[in-house]
Amino acid sequence: MTITAVVGAQFGDEAKGKIVDYLSSDAEYVVRYQGGPNAGHTIRPAGRTLALHQLPVGIVREGCTAVCGAGMVVDPFELVKEIRTLRDEGLFHGKLLLSERAHLILPWHRIQDAWEEETRGSEAGGTTGRGIGPAYMDRAGRWGIRVAELFRPEILRKRLQLLRRTKGFLEGRVGAPTLEQVESDLLAVAAELQPFVAATEPLLWRAVEEGRNVLLEGAQSALLDVDYGTYPFVTSSHPTAAGAALGSGLPPQAIEEVLGISKAYSTRVGAGPFPTEALGADGDRLRERGGERGATTGRPRRCGWLDLVLLRFVVRLNGLTALALTKVDVLGGEAQVPVAVGYRTVSGKTVTESPPTLAEDLARVEPLWRFLPGWEEFTPAVKERLADEGYRALPRELRRFVEFVSEETGVPVALVSYGPSREETVVVPPGARSRPRGMAPWASPLP
Ligand code: IMP
């Protein structure tokens with residue numbers, strides 16, 4: 001058995017959905033531990049393309065229990081829509097459980113999200129507009145409403161009345177739902193959600209005691225963590241290994257493996273510093289070839305090259321035990337692949353693993369580049385060879401790239417993904433995983 005946390009190792013959109021889907025064939029529990037409908041996890045079960053926003057990826061697997069953990073902020077109206085769609089598609093195969101402790105995103109939070117972005121003006125963070133920040137604010141401010149309250153109408157009303165008092169920006173706003181409307185809509189949706197609601201934490205403790213395979217599925221990424229990301233250009237939750245413990249209710253020492261997911265290049269949606277961003281033709285080519293548009297908002301993603309300074313930071317922050325490198329096919333045909341191995345900061349210092357704390361300073365670093373030889377295009381013939389022979393059929397230059405990333409981060413690369421389907425994944429055999437150089441003494445390969 002293993003308890004594995006999967007975390008985004010960049011700015012989100014690293015193809016975590018695909019990797020969790022791939023790993024979930026062995027998982028008995030898949031637990032989403034933070035975030036809400038800001039995520040868009042694209043998977044391709046049975047040749048179909050599906051974007052899951054709140055439901056854990058394990059929901060499409062027979063025999064898998066998919067848990068929405070206490071660390072999430074759940075939009076109940078969007079959740080029932082997602083459940084219905086999945087049922088209509090005949091893909092609701094797993095068992096769904098929703099933690100009583102998860103907080104709710106209400107229609108007021110979405111309005112507040114838009115109002116906050118307007119208020120920030122040119123400093124807007126480019127949120128997904130799903131009400132994430134305001135719902136987490138109310139959680140921290142102790143105004144929030146949780147799943148459990150949906151089933152206690154008198155407590156729900158009292159909490160809604162209090163919460164409404166904090167929403168002065170709604171005054172005079174045409175179309176904003178009244179307290180009575182919100183209350184009756186919530187009670188209606190509660191009936192539909194009720195079969196899934198549970199105290200999920202004791203179930204997960206038992207699963208660990210029984211030696212079950214548990215996957216903790218992160219959304220967004222460590223660099224968007226509210227404490228350790230590029231603040232204030234971050235999301236409002238903890239998409240880190242520590243957040244996996246907090247948001248699932250499992251104790252930290254229960255987590256045995258922490259798998260970081262990184263693309264072979266980088267992308268970012270929304271505002272904020274992005275030291276290795278490629279503007280112009282290079283960025284356009286990556287966007288085009290990688291199909292880099294947001295799964296939730298459809299926004300074009302900013303594109304650039306792999307940043308080892310940020311990746312080393314993420315390794316340390318999460319105690320990554322392994323990496324999965326995704327979308328390596330997108331770089332197929334590039335003559336050379338730039339990788340940032342360090343930064344020169346505005347004060348002239350060279351840094352390799354601790355990015356500047358202030359977003360303003362990170363935006364002004366000068367990347368120090370290494371240029372690695374590119375690899376061939378992933379033609380159907382190359383893909384066929386890979387399907388038959390696995391890792392050793394990867395182009396030689398790509399294997400060198402994989403070893404380089406591993407040596408530079410101190411963490412073995414365990415998986416390489418070269419396409420969106422489950423099958424387009426290569427397991428790096430333990431014998432071929434590069435020995436870490438000792439930066440991360442805790443690093444150990446996945447079994
Ligand atoms: P929020 O999470 O909607 O509050 O947005 C805060 C920041 O996180 C914005 O820059 C978003 O673009 C970014 N963000 C939120 N969710 C995702 C995601 O799933 N992938 C990538 N970026 C995200």
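Which residue in strand 19 is the bridge partner of V416? Hello everyone, let's find out together.

First, some ground rules. This is a predicted model, with residues numbered from 1 along each chain as its sequence is written. Local features need pLDDT of at least 70, side-chain atom pairs count only at pLDDT 80 or more, totals for chains, interfaces and linings use all residues, and side-chain values use heavy atoms, leaving out hydrogens and water. Helices (H or I, at least four residues) and strands (E, at least two) are DSSP runs, numbered from the N terminus.

Two strands pair if DSSP finds at least two bridges between them. Strand 19 pairs with strand 18 (residues 413–417) over three bridges, in the antiparallel sense. And here is our opening residue: V416 has V426 as its bridge partner in strand 19.

Take V31 as a landmark: its bridge partner is V67 in strand 5 and L216 in strand 10. Are the faces of strand 2 buried or exposed? Both are covered, with Y29 and V31 buried on one side and V30 and R32 buried on the other. Buried means under 20% relative accessible area, exposed over 50%, and partly exposed in between, with a 1.4 Å probe and protein chains only.

Next, helix 5 (residues 153–165). With 13 residues at 1.5 Å a residue, helix 5 should span 18 Å, and its end C-alpha atoms are 19 Å apart, which agrees. That expected span is 1.5 Å times one less than the number of residues. The buried residues of helix 5 are L156, L160 and L163. Seen down the helix axis, they fall within an arc of 65 degrees, so they line one face of helix 5; the arc is that of the directions from the axis to the C-beta atoms.

What do these buried residues pack against? Helix 3 (107–120), helix 4 (132–141) and helix 6 (179–193). Where helix 5 meets helix 6, the contacting residues include L156 and L160 in helix 5, and L179 and V182 in helix 6. Contact means heavy atoms within 4.5 Å.
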